[in-house]
Amino acid sequence: MAPIKHTPVTRLVILCVAFINGFAIMSIELLGGRVLAPYFGSSVHVWGSIIAVFMLSLSLGYLWGGRLSLRRPGPRVFASFFVLAAALCLPIIFFADAVMSSIFVAVEDPRYGSLLTAMLLYFLPICAMGMVSPYSVRLLVSSQEHSGGVAGMLYFVSTLGSALGTLGTSFYFVLWFNINTVMWGCVAALLLCASAVMWTCRSPSRTTADAGNTATTPEVAR
């Protein structure tokens with residue numbers, strides 16, 4: 001796996017995609033209440049189910065993302081988190097009604113029905129999105145003495161994105177667009193993050209090799 005370049009541009013891109021990831025997480029969480037409401041209502045039990053599933057998903061995502069970052073981290077794996085999360089969001093758009101109607105009939109208690117629905121729809125995509133933060137820290141850290149400051153900046157940016165995602169979705173998006181349109185926006189944003197990572201965080205080895213080939217070309221011609 002190719003290592004990532006440590007340049008101001010790549011650091012900025014990693015911080016930006018962490019911001020967008022945090023924004024998307026909270027946007028999807030708030031939409032979750034609207035998705036489940038037609039079948040299970042919008043009581044405190046439903047919101048408790050959604051919040052619990054999101055916190056569990058994020059905690060496991062942090063764990064797995066941290067472990068994966070120990071294996072020579074690179075841009076391809078990092079970008080794959082965003083692609084995987086985007087793909088796992090698609091069942092929310094296409095199959096949410098079918099899943100909820102089946103669970104609504106099979107589970108009488110709306111508390112457990114909403115909990116099961118939230119697990120099936122949101123556990124995997126949010127888990128994939130949770131991998132982004134610890135992996136981002138590992139990509140940004142170039143020396144141990146700066147690791148604390150890097151981690152603080154990364155989580156500041158990510159949490160700021162979550163706060164703005166909460167306000168943006170609850171104040172504006174749900175008024176301007178339907179649920180699926182906002183979800184498609186989140187999917188597009190995640191895929192854009194993957195593209196940005198692959199475009200700007202390429203391995204320095206290829207650039208070095210190309211420079212070496214250019215330098216030796218006159219020798220060969222001679």
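## Cysteines

Cys-186 is buried, with a relative accessible area of 7%, where buried means under 20% relative accessible area, exposed over 50%, and partly exposed in between (1.4 Å probe, protein chains only). Cys-89 is likewise buried, at 0%. The cysteine sulfur closest to that of Cys-186 belongs to Cys-89, and at 7.0 Å it is too far for a bond. With a disulfide taken as a pair of cysteine sulfur atoms within 2.5 Å, the count is 0 disulfides.

## Basis of the model

The model is predicted, so local features need pLDDT of at least 70 and side-chain atom pairs count only at pLDDT 80 or more, whereas totals for chains, interfaces and linings use all residues. Residues are numbered from 1 along each chain as its sequence is written, and side-chain values use heavy atoms, with hydrogens and water left out.

## Salt bridge

The structure holds 1 salt bridge, defined as a side-chain nitrogen of Lys or Arg within 4 Å of a carboxyl oxygen of Asp or Glu. It joins the side chains of Arg-111 and Asp-109, at 2.7 Å from N to O. Arg-111 is partly exposed, with a relative accessible area of 39%, and Asp-109 is also partly exposed, at 23%.

## Nonpolar surface

A nonpolar patch on the surface, with about 1,100 Å² of accessible area together, includes Met-153, Leu-164, Trp-176 and Phe-177. Leu-164, which is partly exposed at 38% relative accessibility, is found in helix 6 (residues 147-176). Patches are made of residues with over 30% relative accessible area and no salt bridge, like charges being joined within 9 Å and nonpolar side chains (Val, Leu, Ile, Met, Phe, Trp, Tyr) within 5 Å; accessible areas come from the Shrake-Rupley method with a 1.4 Å probe, and for residues only the protein chains shown count as cover. Helices (H or I, at least four residues) are DSSP runs, numbered from the N terminus.

How values were computed: Helices (H or I, at least four residues) and strands (E, at least two) are DSSP runs, numbered from the N terminus.
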